[in-house]
Protein chains: 4
Amino acid sequence: MKPPVLLIDCPDRKGLIHDITGVLFRNNHNIISNSEYVDHETSHFFMRTEISGGNDFELLRDELYALLPNGSNVRFSNQSPKNIVIMATKEHHCLGDLLLRHAHHTLNASILAVISNHEVLKPLVKRFDIPFHYIPFEDVTKEEHEAAVISALKKYDPQYIALAKYMRVLSSQFISNYPGRIINIHHSFLPAFAGASPYRQAFERGVKIIGATAHFVTEHLDEGPIIAQGVTPVDHSYSVNDMVLAGRDVERTVLAKALRLVFEERVFLCGKRVVIFE
Amino acid sequence: MKPPVLLIDCPDRKGLIHDITGVLFRNNHNIISNSEYVDHETSHFFMRTEISGGNDFELLRDELYALLPNGSNVRFSNQSPKNIVIMATKEHHCLGDLLLRHAHHTLNASILAVISNHEVLKPLVKRFDIPFHYIPFEDVTKEEHEAAVISALKKYDPQYIALAKYMRVLSSQFISNYPGRIINIHHSFLPAFAGASPYRQAFERGVKIIGATAHFVTEHLDEGPIIAQGVTPVDHSYSVNDMVLAGRDVERTVLAKALRLVFEERVFLCGKRVVIFE
Amino acid sequence: MKPPVLLIDCPDRKGLIHDITGVLFRNNHNIISNSEYVDHETSHFFMRTEISGGNDFELLRDELYALLPNGSNVRFSNQSPKNIVIMATKEHHCLGDLLLRHAHHTLNASILAVISNHEVLKPLVKRFDIPFHYIPFEDVTKEEHEAAVISALKKYDPQYIALAKYMRVLSSQFISNYPGRIINIHHSFLPAFAGASPYRQAFERGVKIIGATAHFVTEHLDEGPIIAQGVTPVDHSYSVNDMVLAGRDVERTVLAKALRLVFEERVFLCGKRVVIFE
Amino acid sequence: MKPPVLLIDCPDRKGLIHDITGVLFRNNHNIISNSEYVDHETSHFFMRTEISGGNDFELLRDELYALLPNGSNVRFSNQSPKNIVIMATKEHHCLGDLLLRHAHHTLNASILAVISNHEVLKPLVKRFDIPFHYIPFEDVTKEEHEAAVISALKKYDPQYIALAKYMRVLSSQFISNYPGRIINIHHSFLPAFAGASPYRQAFERGVKIIGATAHFVTEHLDEGPIIAQGVTPVDHSYSVNDMVLAGRDVERTVLAKALRLVFEERVFLCGKRVVIFE
């Protein structure tokens with residue numbers, strides 16, 4: 001059982017750590033681990049504290065807001081598994097990896113359902129006894145398709161949506177329903193090879209290293225805040241398809257890492273970047 | 001002493017390896033190591049062979065050209081150290097690394113001179129008893145500046161020019177004098193962050209890995225064929241300057257690796273990419 | 001469909017490549033890709049050639065043996081999927097990874113069955129409709145247990161056995177039945193931390209990088225020829241359990257890589273080492 | 001100019017961070033960055049705090065000791081460059097790297113002298129105008145040799161001694177003079193290949209990755225607490241000498257990293273391990 005965690009971000013000022021830890025101390029909470037960071041570009045303070053002793057979070061929150069500057073965010077999390085929905089298209093490797101971790105209780109999340117615009121992944125999802133929603137996009141408008149997806153999502157009310165190689169671009173409209181709650185895996189070392197067919201682009205450019213990027217999805221395609229990246233070496237003998245295959249191991253590992261960080265409440269948004277307490 | 005090496009590239013056809021090795025065998029050359037590659041996109045064949053036994057390279061070359069298809073290139077190299085000139089601006093780490101390797105005979109090249117558009121690196125170069133040419137670009141046109149550089153280069157007639165953090169863009173005119181003979185180190189994981197201030201760009205994009213790229217210089221800025229790349233992890237706590245410092249170790253290692261590969265005759269140009277026999 | 005591959009190892013002598021490629025040429029086989037290597041410590045020659053054109057492998061083999069030195073091995077493989085059995089104990093991550101790849105036809109092998117000395121992995125294996133053999137080791141001697149395993153293996157007659165975190169030491173007697181055909185994943189960067197509890201050892205030693213090693217199993221525990229290794233960074237904040245979790249992604253990736261190399265006929269044994277044509 | 005840093009380690013107890021930051025706050029010091037860690041195996045607390053505002057360190061120290069538990073260590077550092085002596089034998093790459101960094105003010109240390117048991121590195125050291133002490137070990141006992149080294153060291157009174165490929169084993173007696181102050185680079189991925197000729201050992205074992213390890217020197221050879229490690233891939237085609245060459249880039253990078261961490265006061269000893277605040 002993971003300990004509860006206190007998450008604060010606020011404008012920086014002198015004495016913050018002393019004040020915050022004072023609230024914890026007076027309320028008889030012990031600090032198991034503590035991390036702070038000040039973004040000196042914006043003078044914004046971030047703190048993640050694992051605590052023990054009691055469940056008086058409402059009270060603590062009130063006390064903390066009383067002494068913190070305006071513009072502060074205080075949040076407690078009991079680190080219980082997150083409820084998530086996965087969206088995927090045709091590739092199995094990221095989805096399968098998450099299903100495996102879920103089945104063996106190492107994902108720190110409950111996969112409530114999988115939504116796909118194709119049917120090929122249905123047998124895989126069924127192996128793991130997870131609801132599978134096939135929502136085709138042919139013969140409907142983009143708006144209609146997304147409305148159907150949102151309708152399916154509403155049934156599950158997920159805390160996070162993981163795009164495990166979901167190959168359709170989501171509209172700003174769609175994304176605005178889940179701010180900071182959609183995580184995507186992009187099959188390139190962003191910002192290199194943004195857009196379509198990154199492995200084809202990588203092949204043609206003759207790069208010696210390929211990679212993958214997990215990021216929050218914002219309305220700006222492939223430009224959301226990056227959570228995790230990974231790379232693997234390639235050489236001239238790799239065809240585009242060889243790169244695709246080599247990239248798979250990176251993609252699934254990077255997506256799983258990003259989800260772990262988010263689900264363990266280790267990731268703060270900081271403008272177009274993130275602060276991560278590993 | 002490294003063995004002589006035979007370098008062939010030509011249009012692919014059946015029986016090539018058999019024919020080429022037949023010429024070597026009949027002339028009593030033993031094959032110490034051999035590497036071939038066929039680029040299936042262009043049906044072009046590449047071969048690098050380290051051989052022993054005799055110096056009859058003229059004869060061999062004639063025999064080989066006689067049996068190879070039109071459009072073949074046959075070259076022998078005795079792998080003696082290359083003559084090079086280094087161009088740099090203000091940063092010492094790549095230049096210093098090459099000077100050290102040169103002084104201890106591990107560069108596989110003779111550094112004939114260093115040319116710089118600033119004077120700050122002169123003391124470093126002088127420590128190693130290498131001629132230093134300060135060619136300022138202030139108060140002259142780009143054409144005049146490059147003419148002065150070319151004039152200095154002509155004195156040394158280098159086989160290769162290494163741009164060890166030379167921060168001026170070279171003109172197409174300049175580059176056309178040294179086709180496939182100028183190697184640059186770019187301080188980003190190209191094609192990400194091409195152009196100026198890549199570490200600033202990387203910082204603002206919030207990437208989790210930074211890198212460096214060594215490439216042949218062509219008239220298309222930052223788009224020449226890539227020879228080697230390297231990366232190192234960073235996180236949100238890295239300022240732009242921290243990235244600059246972390247990147248230095250990658251830059252110098254990647255440049256040195258690329259030069260080693262080129263100087264050991266391991267790199268073939270193949271369109272916009274390279275084939276490397278490591 | 002992968003092309004047939006010709007695999008030769010033999011004592012080195014002048015003219016080998018010419019002679020071998022001559023046989024292929026005269027029999028109208030084209031060379032799609034070719035790799036050679038001479039181990040200069042033992043003067044032994046290794047060659048892997050992907051060929052096209054015809055199925056006259058018996059004839060080719062006879063011709064090749066006729067011209068090669070004594071002590072040569074010539075083998076053809078049509079690169080069809082290998083038949084394998086997986087042995088595992090309690091951990092799911094390597095096994096699950098192989099099951100996923102198998103289900104999606106990216107393993108290049110048919111998993112005929114899974115054998116385990118525990119029952120906990122049975123539900124996972126059943127999800128993928130693969131036979132699961134629970135062969136307990138309690139209340140029997142080691143000889144009896146291994147006899148039961150061998151009996152189960154005989155039913156399937158696998159070409160290779162993958163030990164996907166099988167935590168029992170196999171006897172020399174057992175291993176001698178499958179020379180060069182058992183591949184194990186060891187959860188350390190061998191030869192560091194051989195033996196039991198490598199992550200505990202790594203933690204206590206305070207290493208900054210942990211790893212995993214896939215190797216052929218020989219009668220010398222943890223000393224078989226290494227096929228692939230991988231690493232991941234750790235720091236002082238990692239508990240033993242954190243290292244176990246971080247190591248999992250490395251273990252499964254390294255095991256899958258080793259199996260791919262072996263199944264694609266890219267690995268030659270060379271004394272206590274291997275030659276790999278990637 | 002780097003800010004002053006406060007370094008504390010002490011037995012853990014509730015309220016420590018609150019108490020410590022209270023002292024800073026009341027004395028009008030701002031916290032620029034702060035890192036804490038509790039080693040849960042020993043219940044020991046570590047804290048590194050960069051502060052601004054005043055130079056009243058004596059006073060702060062007294063106040064801190066008054067409220068901290070017995071067994072606490074409180075230290076301030078103004079992060080001025082450390083005074084160091086380098087010891088080396090014949091290899092130039094680590095020494096040259098440190099000399100270059102020193103000459104360009106990126107080492108965060110003053111190299112007061114270089115001591116060697118051979119003369120071959122003298123020309124390199126002389127290029128950088130650093131005193132070079134040749135202290136031969138032939139024709140003298142180990143005790144006499146070490147006495148001569150200590151005598152030379154005493155003249156410089158260095159804060160740290162960097163062993164940049166110093167290939168003689170130092171006696172416990174010698175080491176006891178500089179507890180926690182000697183940093184060595186070992187040319188293997190410890191604990192793999194401890195002892196002599198690690199690259200030869202690595203070659204014979206057929207490993208796929210080689211590495212280097214920087215560690216504090218204790219009386220137990222190759223077993224001192226590890227500060228930094230690095231790795232690079234190799235394959236069957238690498239001779240022992242190729243591994244030596246490939247290892248050099250890792251060795252110098254790892255040693256430089258370890259020294260940077262130590263010189264920036266980021267490393268705490270914690271039994272046989274270290275805690276590092278990067």
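Here are some friendly notes on the predicted model above, taken point by point.

1. Ground rules. This is a predicted model, in which local features need pLDDT of at least 70 and side-chain atom pairs count only at pLDDT 80 or more, while totals for chains, interfaces and linings use all residues. Residues are numbered from 1 along each chain as its sequence is written, and chains are lettered from A and ligands numbered from 1 in the order in which they are written.

2. The single chain. Chain A has 8 helices and 13 strands, where helices (H or I, at least four residues) and strands (E, at least two) are DSSP runs numbered from the N terminus. Its C-alpha trace spans about 60 × 40 × 35 Å along the principal axes.

3. Packing. In chain A, 45% of the 278 residues count as buried, that is, with 20 or more other C-beta atoms, placed from the backbone, within 10 Å of their own. Of the contacts in chain A between residues at least 6 apart in sequence, 67% join residues at least 24 apart; a contact here means C-beta atoms, placed from the backbone, within 7 Å.

4. Chains A and B. On the chain B side, 22 residues are in contact with 22 residues of chain A. The elements of chain B that give two or more residues to this side are β11 (226-233) and β13 (273-276). By class, the side has 13 nonpolar (Ala, Val, Leu, Ile, Met, Phe, Trp, Tyr, Cys and Pro), 4 polar (the others, Gly among them) and 5 charged (Asp, Glu, Lys and Arg) residues.

5. How D sits on A. Chain D is superposed on chain A (RMSD 0.0 Å) by a rotation of 180° with 0.0 Å of shift along its axis, which is the relation of a two-fold axis. The C-alpha of chain D nearest that axis belongs to D:His18, 2.5 Å away.

Terms used:
Two residues are in contact if their C-beta atoms, placed from the backbone, lie within 7 Å. Copies are superposed by least squares on the C-alpha atoms of residues with pLDDT of at least 70 in both. A residue is buried if 20 or more other C-beta atoms lie within 10 Å of its own, exposed if 12 or fewer, and partly exposed in between; C-beta atoms are placed from the backbone.
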